[in-house]
Amino acid sequence: MDETEFWETVDSTREAAEGDPEDHADLLVERLLQLDPDAVLDFARHFEVRYNRAYRWDLWGAASVLLGSASDDAFDYFRCWLIGQGREVFEGALHEPDDLAGLLDDFDDEIDGDGEELGYAADEAYEQLTGAVAPDLGVPAQAAEPQGTPIDLDDDGVLADRYPQLWERFGN
């Protein structure tokens, strides 16, 4: 599976789920079950690389504005959700996290922003296909600390200044 196929799989399952993250994860597992185990592992590698790439302070700050706050776990699940939003939103957020204000049509902090199940979809599909736990993907481990300059995630003033578009649209 190449990068284009990865994003097509993410996009088609998200569209079929009409944006519901839990349905998206279920549909993603169903789609991955139609592939051979090696292709599922390829999908998992693409997902993991993007997940690790999004481990950045500036994205964590944006997640804090969108979610009202973002613990370590909440940020992990946010990164999965962000990948699930597709290439345009994901890459746009990496380029400039504040642009999420314009990239997201709407955002309901009760259901959006939590893509925990998306993060497990490839593992679940692989296990169903093979009866075994997925092997190590050979992807470099996530950095010990997020990339970039740390942001005080508890300071509304800092968040409002750093993310003016997001703050205006989604801030407290």
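User: Are helix 2 and helix 8 roughly parallel or roughly antiparallel to each other?

Analyst: In this predicted model, the axes of helix 2 (residues 21-32) and helix 8 (residues 116-130) come within 9 Å and cross at roughly 30 degrees. Helices are DSSP runs of H or I with at least four residues, numbered from the N terminus, and the axes are lines fitted to C-alpha atoms over the stretch in contact, with angles running from 0 to 180 degrees between N-to-C directions. Angles under 35 degrees count as roughly parallel, over 145 as roughly antiparallel, 65 to 115 as roughly perpendicular and the rest as oblique. Helix 2 and helix 8 are therefore roughly parallel.

User: What kind of model is this?

Analyst: Residues are numbered from 1 along each chain as its sequence is written, and side-chain values use heavy atoms, with hydrogens and water left out. Local features need pLDDT of at least 70, side-chain atom pairs count only at pLDDT 80 or more, and totals for chains, interfaces and linings use all residues, since this is a predicted model.

User: Which residues of helix 8 make the contact with helix 2?

Analyst: Helix 2 passes helix 8 in a right-handed crossing (the near helix is turned clockwise from the far one by less than a right angle). On the side of helix 2, the contact (heavy atoms within 4.5 Å) is made by H24, A25, L28, V29 and L32, and on the side of helix 8 by E117, L118, A121, A122, E124, A125, Q128 and L129.

User: How far apart in sequence are the parts that E3 and R87 tie together?

Analyst: E3 forms a salt bridge (a side-chain nitrogen of Lys or Arg within 4 Å of a carboxyl oxygen of Asp or Glu) with R87, the closest N and O atoms being 3.0 Å apart. E3 lies in helix 1 (residues 3-16) and R87 in helix 6 (residues 87-95), so the parts they tie together are separated in sequence by 84 residues.

User: In which helix does R162, the partner of E96, lie?

Analyst: The salt bridge of R162 with E96 has its closest N and O atoms 3.3 Å apart. E96 lies in the loop between helix 6 and helix 7 (100-103), whereas R162 lies in helix 9.

Terms used:
Helix = DSSP H or I, 4+ residues; strand = E, 2+ residues; numbered from the N terminus.
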